[in-house]
Amino acid sequence: MALVLQPGREDIRLAWLAALATSIHILESSLPTLLPGIKPGFANIITIIVLLRFGWRSAVWVSLLRVTAGSLLLGTFLSPTFMLSLTGAICSLLVLGLARQLPGRGFSAIGLSTAAALSHISGQFLLAYVWFIPHQGLWGLLPVLLCLALILGIMNGIICNKVIARLP
Amino acid sequence: MTLADRLLLFVSITGIVLLAYVTWQPSAYADRVEIISPSGRKIVSLRHDKTFFVTGALGKSELRIKGERIRFVTSPCQTKFCIHQGWASHSGDLRVCLPNKVSLRLLGSSSQFDSLTF
């Protein structure tokens, strides 16, 4: 007897959103970068919008599917690049989960995006320090990376607001 | 922007500035140097000024220690990057001549370093 998995409405919606995030992820990886390791993280805009509209569980699905599918398509699956990407995604999802627990009005898209960007780069930095380059000199780079993450996080948050305003 | 957003921005900007202040302090001065060449590694004190040669893969690299600093003076390599790197004085500093396979790593009393290459 064949076992049939019937995807529900929510599964299909998640798949669409993950596909959208993956497309942005891949388009973004072909952009030239100013500094190696710095990406604008436009794919995270989708994560934030999903978080605001459909909740944290959906955001986790979309983000992790995006990292996995993106790495399979780019050919970096299980490579150090993938590990960095995955660590960043997990860290920012954990922080986003905590940020959503805040009572009152809480964070807007700008705050969420900034918090996600900062935790993303911090997680990646710690993994890089512990695993790849355990040299004290690396710490000097952290303020620069955090500064860029802050700027890009705010920028992505503003884009999120613009996108949300146009959504039905 | 909500109150939480503003707070987050304030805290993160303050944090980044503090972190930059802490991490961009110059490191301690070194008191000895580890010299790695094809013939092995040795530790030389920076306390005594001297000029000496280390035999590398291409020939002899001339090193000079003066005032607790060290630098490449002459080198048989083509690019002379090692010479242009200049004086090294802080613990953790590296001076490397890849063609001649001679590298210097400055060691201080209170430093710990390690590096993984792959």
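Q: How many helices and strands does chain A have?

A: Start with the element count. In this predicted model, chain A has six helices and zero strands. Read along the sequence, the pattern is α-α-α-α-α-α.

Q: What does the radius of gyration say about chain A?

A: Set the value against the globule rule for the chain length. Chain A has 16 Å, close to the 15 Å that the rule gives for 168 residues, so chain A is as compact as a globular protein of that length. Along the principal axes, its C-alpha atoms fill a box of roughly 55 × 45 × 30 Å. Of the 168 residues, 35% are buried.

Q: In chain A, which share of the contacts joins residues at least 24 apart?

A: Take the contacts between residues at least 6 apart in sequence. In chain A, 74% of them join residues at least 24 apart.

Q: And chain B: how many helices and strands are there?

A: Count again, then read the order. Chain B has two helices and seven strands. From the N terminus on, they run α-β-β-β-β-β-α-β-β.

Q: What is the radius of gyration of chain B, against that of a compact globule?

A: Apply the rule once more. A compact globule of 118 residues would come near 13 Å, but chain B has 20 Å. The C-alpha trace spans about 65 × 30 × 25 Å along its principal axes. Buried residues account for 21% of the 118. Among contacts with a separation of 6 or more in chain B, 36% come from residues 24 or more positions apart.

Q: How do β1 and β2 of chain B pair?

A: Look at the sense, then count the bridges. Strand β1 (residues 32–37) of chain B pairs with β2(B) in the antiparallel sense, over six bridges. A hairpin of two residues joins β1(B) to β2(B).

Q: Which strand order does the open sheet of chain B have?

A: The order is β3-β4-β5 (chain B), three strands with antiparallel pairing. β3 and β5 (69–74) of chain B are the edge strands, each pairing on one side only. Neighbouring strands of this sheet are turned by 30 degrees against each other on average, direction ignored. β4(B) and β5(B) share five bridges in the antiparallel sense. Lys66(B) stands opposite Arg69(B) in β5(B).

Q: Is Gly59(B) buried or exposed?

A: Gly59(B) sits in the loop between β3 (50–55) and β4 (60–66) of chain B. Gly59(B) counts as exposed because it has 12 C-beta neighbours inside 10 Å. Gly59(B) and Leu8(B) are 51 residues apart in sequence and, C-alpha to C-alpha, 58 Å apart in space.

Q: How many residues of chain B are in contact with chain A?

A: Count residues on each side. 17 residues of chain B touch 23 residues of chain A. The chain B side has ten nonpolar, five polar and two charged residues.

Q: Where is the pLDDT of chain B below 50?

A: Chain B averages a pLDDT of 87, and 92% of its residues score at least 70. Residues 111–118 of chain B fall below 50. Beyond near neighbours in sequence, this stretch has 13 contacts in the model. The model scores are ipTM 0.82 and pTM 0.74.

Notes
Residues numbered from 1 in each chain as written. Chains lettered and ligands numbered in written order. Predicted model: local features only at pLDDT ≥ 70, side-chain atom pairs only at ≥ 80, totals over all residues. Contact = placed C-beta atoms within 7 Å. Nonpolar A, V, L, I, M, F, W, Y, C, P; charged D, E, K, R; others polar. pLDDT = per-residue confidence, 0-100. Helix = DSSP H or I, 4+ residues; strand = E, 2+ residues; numbered from the N terminus. Buried ≥ 20, exposed ≤ 12 C-beta atoms within 10 Å, placed from the backbone. Rg over C-alpha atoms; globule rule 2.2 N^0.38 Å. Pairing = 2+ DSSP bridges. Axes fitted to C-alpha atoms, helices over the stretch in contact; angles between N-to-C directions.
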